[in-house]
Structure formats: structure tokens, C-alpha cells
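Colleague: Could you walk me through this one before I plan my afternoon? I will ask as we go.

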Amino acid sequence: MTYRYNTSRIYYLDKQDEIKFEVGDIVRKRVQEAPSNGYKIIAVDDEEGIIDSLSIFLKRSGYNFTGVTDPLEAIERVKNEHFDMMILDFIMSPIHGDQVVEEIRKFNKELYILLLTGHKDLAPPLETIRRLDIQGYCEKSDKFDQLLLLIESGIKSIEQMNEIKRMNDELSDTYEKLEKAYLDSIETLRYTVEAKDPYTRGHSDRVAEYSVLIGEKLGLSEEDLRTLRIGGLFHDIGKIGIPDSILLKESKLSDDEYSQIKNHPTIGAHILQNATIFQDILPIVKHHHERYDGNGYPSRLKGEEIPYFARIAAVADTFDAMTSKRTYRNAIPIEEVKEEIKRCEGTQFDPSIAETFLEILNTQYEKIQEIQEKY
Ligand SMILES: [Fe+2]
């Protein structure tokens with residue numbers, strides 16, 4: 001069968017086997033190649049005759065054609081070059097077509113693959129074709145019609161896939177731009193708060209980084225770490241709504257003034273609530289002053305009712321408050337800070353998060369110092 005396929009196409013100028021390469025060369029020279037349609041096809045068949053046939057036929061149809069007789073070389077080519085489609089013989093040596101696909105699928109899931117089979121009996125089972133994500137297969141015959149139809153419909157699928165990919169890229173591009181614009185505007189708000197409250201300057205950055213350190217120690221995902229970082233950056237954004245006379249007061253606050261300060265988590269959550277893309281950080285902004293024993297604000301949530309990320313931010317926030325110099329006191333020495341964190345386990349802090357942070361302080365203190373020096 002295979003042989004007939006060879007003879008009928010390769011040697012149609014002269015059917016004598018002995019002069020096949022010479023004839024092949026003549027054929028190659030005589031073929032008028034159509035202008036390239038830009039699609040790159042690689043064909044793999046250990047019989048050179050088939051490669052020559054396909055080369056003539058596909059170049060004439062305008063495809064950018066590469067023919068390879070060694071299946072192992074084909075795997076390397078696909079690794080290093082872009083191809084839109086692969087036409088692959090099934091029975092080859094040293095490895096069969098299904099093994100070639102198996103290798104290629106380890107690093108390339110997108111290549112559109114058509115399998116050429118010598119004879120129905122030699123075709124791989126349907127389940128193999130499905131498992132390896134082979135898009136089509138075609139029995140070798142002395143006519144190219146069926147193969148050409150398969151290639152054409154394959155190219156249409158590739159076009160659609162490329163279009164979907166392009167739209168996806170555009171969408172994620174737009175999403176990124178939106179996210180950036182939003183971050184920028186919140187950042188401006190943050191700078192406004194920091195401009196009027198010297199204590200907040202640097203504080204949010206440090207809380208963000210301490211929270212990420214805790215999150216890393218807890219083995220959280222990249223996405224969770226991102227939420228912790230952004231949540232830390234904006235956790236005090238609601239201070240924008242607190243009058244300067246209270247925010248900047250150096251003497252003791254009256255009860256009324258203190259209760260106004262306590263509004264900042266709710267104000268912050270209100271500012272952010274309409275931005276769907278940052279819903280994840282809302283719990284941090286709103287609940288970073290809750291206490292594990294239920295005596296915090298604004299919602300007096302208790303224990304695990306307090307959102308997990310807010311419990312993390314609470315430890316980071318308090319640590320930074322204790323280790324920052326305030327107008328009315330110096331920074332508290334680190335050993336005292338550790339004792340205080342230990343003492344507040346289960347009352348102010350989630351005990352397991354506080355323990356995690358103490359472990360960081362005991363074993364990775366240089367990272368904490370780096371953050372303190374940076375901001
Ligand atoms: Fe706060």
C-alpha cells in the first residue's frame with residue numbers, strides 16, 4: 001500500500017526505481033511553488049519517497065513545508081521551531097508515530113497532528129489517538145484528496161485557535177490595564193493618607209511584606225500572597241476619612257476621637273467595595289483590627305470568624321506598630337515584642353499565626369531587618 005502511494009506520486013514522471021532520486025530532483029525543480037500562506041507544516045516519514053511527495057504537493061498548495069525522515073530529529077525540530085501542523089507516519093523506526101506524539105505532547109500541547117497510517121490494521125487504537133490528542137488520521141492512499149481535506153480543515157481549526165488566543169491575550173491585556181489603573185488610583189489615595197500621617201508612611205509597605213513572609217511560611221499560593229501584599233498596602237486606606245486633627249494628635253485621644261479612628265476599617269472597605277477586581281482584599285481592610293477573643297473592631301468577630309488573611313495582617317500590623325518609633329515612645333526592643341506577641345496568643349492573635357510569626361522572628365530575623373531598612 002505504502003509503496004503504491006510512493007510510486008503513484010513521486011515517480012509520476014518516470015516509474016523506474018533506479019533513478020528515483022534523480023527524478024525526484026527534477027520534479028522538485030519543476031514544481032512551481034505557490035506563494036506561501038504562512039502555515040508551517042512538518043512531515044515525518046522514514047520513507048524518503050513520501051516526504052518528497054508531500055513536499056511537492058504541499059509546497060504547491062502554498063504551505064511552508066519541512067520534511068524529516070528521522071522521527072527523533074522531528075521531535076528536536078518541534079522543540080526548537082514553530083510549526084502549525086505535523087503530518088506523521090505511524091509505523092517508523094526507531095520509534096513509532098505514537099511515541100513521537102507522546103514525546104511532543106510533553107512540551108507542546110498545541111501542535112495540530114495528523115497521523116498517516118499505512119493500513120487500517122496497522123492503525124493505533126482509537127483510545128491512543130484520543131489520549132495523545134491527535135487531531136486526525138488518514139489512511140495512506142494513492143490520492144491526496146482525503147489528506148488535503150484533513151489539512152484544510154486542520155488549518156481552519158488552527159486559524160480559529162489563533163483567533164481565540166489573540167482575543168484572550170487582548171482581554172487579559174485589557175484586564176491588566178484596568179487593574180493597573182485601579183491600583184494607581186488607590187496608590188494615589190494611599191500617598192494622600194501617608195502624606196498627612198507620618199506614622200503611616202512606610203507602615204503599609206512593611207505590613208504588606210511581613211504579611212507575605214507569614215503567608216510564605218504558611219505555604220500559601222502565589223495568588224494568596226498577592227492578596228496579602230495588596231491588602232497590606234491598602235489596609236489603612238480608610239484613614240483618608242479621619243480628620244487630621246484626630247489623626248495627627250500627639251496627646252491622648254478622647255473616647256470620642258478614638259471611636260472615630262476606629263471607623264477607618266469600615267471607611268476603607270467602603271472605598272474599595274465597588275471595585276470588583278479587588279474584592280479579595282476587602283476582608284483584610286475591614287477586619288485587620290478584629291481580635292481573636294472577639295473584642296476587636298469593627299464587627300467584634302471572634303476566632304475563625306475573622307477572615308484568615310485579616311488574622312495574618314493583624315499580627316503584621318501590630319508587630320510594625322510595636323517596632324516603629326512613635327512621637328510618644330521609642331521602638332520597643334525585639335525581645336519584649338516577642339514576649340508581647342506570645343502573651344497575646346489566643347486573645348489578640350490567632351495562636352497558630354502568632355506562633356508562625358515568632359518562628360520567623362527567631363529563624364529569619366534578617367529578612368525582617370531587610371524590610372525595616374528598606375522602608
Ligand atoms: Fe489599621
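Colleague: In what kind of crossing does helix 15 pass helix 16, left-handed or right-handed?

Modeller: Helix 15 passes helix 16 in a left-handed crossing, meaning that the near helix is turned anticlockwise from the far one by less than a right angle. Please bear in mind that this is a predicted model, in which local features need pLDDT of at least 70, side-chain atom pairs count only at pLDDT 80 or more, and totals for chains, interfaces and linings use all residues. Residues are numbered from 1 along each chain as its sequence is written.

Colleague: And at what angle do helix 15 and helix 16 pack?

Modeller: Helix 15 (residues 334-343) and helix 16 pack at about 165 degrees, and their axes are 10 Å apart. That makes helix 15 roughly antiparallel to helix 16, a label used for angles over 145 degrees.

Colleague: Which residues in helix 15 and helix 16 meet?

Modeller: Lys338, Ile341 and Lys342 in helix 15 meet Ala354, Phe357, Leu358 and Leu361 in helix 16, where contact requires C-beta atoms, placed from the backbone, within 7 Å. By class, this contact has five nonpolar, no polar and two charged residues.

Colleague: Changing topic, which residues have the most contacts inside the largest nonpolar core?

Modeller: Those are Ile214, Ile312, Ala313, Val315 and Ala316, in a core of 32 residues; such a core is a set of buried Ala, Val, Leu, Ile, Met, Phe, Trp, Tyr and Cys residues joined through C-beta atoms within 7 Å, and buried requires 20 or more other C-beta atoms within 10 Å of a residue's own.

Colleague: Which helix gives the most to this core?

Modeller: Helix 14 does, with eight residues.

Conventions: Buried ≥ 20, exposed ≤ 12 C-beta atoms within 10 Å, placed from the backbone. Helix = DSSP H or I, 4+ residues; strand = E, 2+ residues; numbered from the N terminus. Axes fitted to C-alpha atoms, helices over the stretch in contact; angles between N-to-C directions. Parallel < 35°, antiparallel > 145°, perpendicular 65-115°, else oblique. Contact = placed C-beta atoms within 7 Å. Nonpolar A, V, L, I, M, F, W, Y, C, P; charged D, E, K, R; others polar.
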